Amino acid sequence: MPQKSIIAKLCDLINSVGSITPLLVMGDFNYANIDWEYLSWKANLDGTEFLETVKNNFLFQHVDTPTRENAILDLVFTSEENMVENLKVREHFGQSDHNIIVWDLIARTVIDRKSTPIINL
């Protein structure tokens, strides 16, 4: 049996947890042929499995400015639209030909008071 690609493993992981927990996925995906604004292909179908996973799990892609030359290759996905604010694409990182991406992650913490131990002294 051939070994699964890293993207196939990532798709499996997203599919298994995407609906039960807030999710943040980021990285250099190198899918220059995907139009992230319209969730469609510009040219060939490279990245079909990944794009379908993004669509099926209703993920939001937040980067809308090129991160390498004229392409959006470095991506930030979340399961909730408002998890990312103030995203900016900045200068190149060191000798890399990719730009730095910075953003504010908005996360909520819920404390389950029923399972939190209370110690009375």
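Helices here are DSSP runs of H or I with at least four residues, and they are numbered from the N terminus. With that in hand, let us start with Leu51, which lies in helix α2. Please keep in mind throughout that this is a predicted model.

First, the overall layout. The protein has two helices and seven strands. Of the 121 residues in the protein, 29% are buried. If you take the contacts between residues at least 6 apart in sequence, 43% of them join residues at least 24 apart.

Is Leu51 buried or exposed? Its relative accessibility is 0%, so Leu51 counts as buried, the cut-off being under 20%. Setting aside the neighbours within four places in sequence, Leu51 is in contact with Ile34, Trp36, Leu39, Ser40 and Trp41. There is also a spacing you can check in the viewer: the C-alpha atoms of Leu51 and Cys11 are separated by 9.4 Å, although these two residues are 40 residues apart along the chain.

Another residue to look at in helix α2 is Thr53. Thr53 has a relative accessibility of 5% and therefore counts as buried. Which residues does Thr53 touch, once its neighbours within four places in sequence are left aside? The answer is Cys11, Ile14 and Asn15.

Those three residues bring us to the other helix, because Cys11, Ile14 and Asn15 are among the residues in α1 that meet α2. Two packed helices are described by the angle between their axes and the distance between the axes. For helix α1 (residues 6–17) and α2, the angle is about 10° and the axes are 10 Å apart. Angles under 35 degrees count as roughly parallel, and α1 and α2 are therefore roughly parallel to each other. The crossing in which α1 passes α2 is left-handed. On the α1 side, the residues that take part are Ile7, Ala8, Leu10, Cys11, Ile14 and Asn15, and they meet Glu49, Phe50 and Thr53 in α2. By type, the residues of this contact of α1 with α2 divide into six nonpolar, two polar and one charged.

A pair of aromatic rings is described by the distance of the centres and the angle of the planes. How many aromatic pairs does the structure hold? There are six. One of them is formed by Phe29 and Phe50, a stacked pair with 4.9 Å centre to centre and 20° between the planes. This pair links distant parts of the chain, 21 residues apart: Phe29 sits in the loop between β1 (24–28) and β2 (34–35), while Phe50 sits in helix α2 (residues 48–56). Phe50 also forms an aromatic pair with Phe77, and here the arrangement is edge-to-face, with 5.4 Å centre to centre and 80° between the planes. Since Phe50 lies in helix α2 and Phe77 in strand β5 (residues 74–78), the pair ties together parts that are 27 residues apart in sequence.

Stepping back, ring pairs link Phe29, Tyr31, Trp36, Phe50 and Phe77 into a cluster.

Our last stop is the backbone. Most residues other than glycine have a negative phi. Asn30, found in the loop between β1 and β2, has a phi near 55°, a positive value in a residue other than glycine. Asn30 counts as partly exposed because its relative accessibility is 45%. Where is Asn86 placed? Asn86 is in strand β6 (residues 84–92), and its phi is positive too, at about 55°, although Asn86 is not a glycine. With 47% relative accessibility, Asn86 counts as partly exposed.

Technical notes: Residues are numbered from 1 along each chain as its sequence is written. This is a predicted model: local features need pLDDT of at least 70, side-chain atom pairs count only at pLDDT 80 or more; totals for chains, interfaces and linings use all residues. Side-chain values use heavy atoms; hydrogens and water are left out. Rings of Phe, Tyr and Trp (its six-membered ring) pair if their centres lie within 6.5 Å; planes under 30 degrees apart count as stacked, over 60 as edge-to-face and the rest as tilted. Buried means under 20% relative accessible area, exposed over 50%, partly exposed in between (1.4 Å probe, protein chains only). Contact means heavy atoms within 4.5 Å. Axes are lines fitted to C-alpha atoms, for helices over the stretch in contact, and angles run from 0 to 180 degrees between N-to-C directions. Angles under 35 degrees count as roughly parallel, over 145 as roughly antiparallel, 65 to 115 as roughly perpendicular and the rest as oblique. A crossing is left-handed if the near helix is turned anticlockwise from the far one by less than a right angle, and right-handed if clockwise. Ala, Val, Leu, Ile, Met, Phe, Trp, Tyr, Cys and Pro count as nonpolar, Asp, Glu, Lys and Arg as charged, and the others, Gly among them, as polar.
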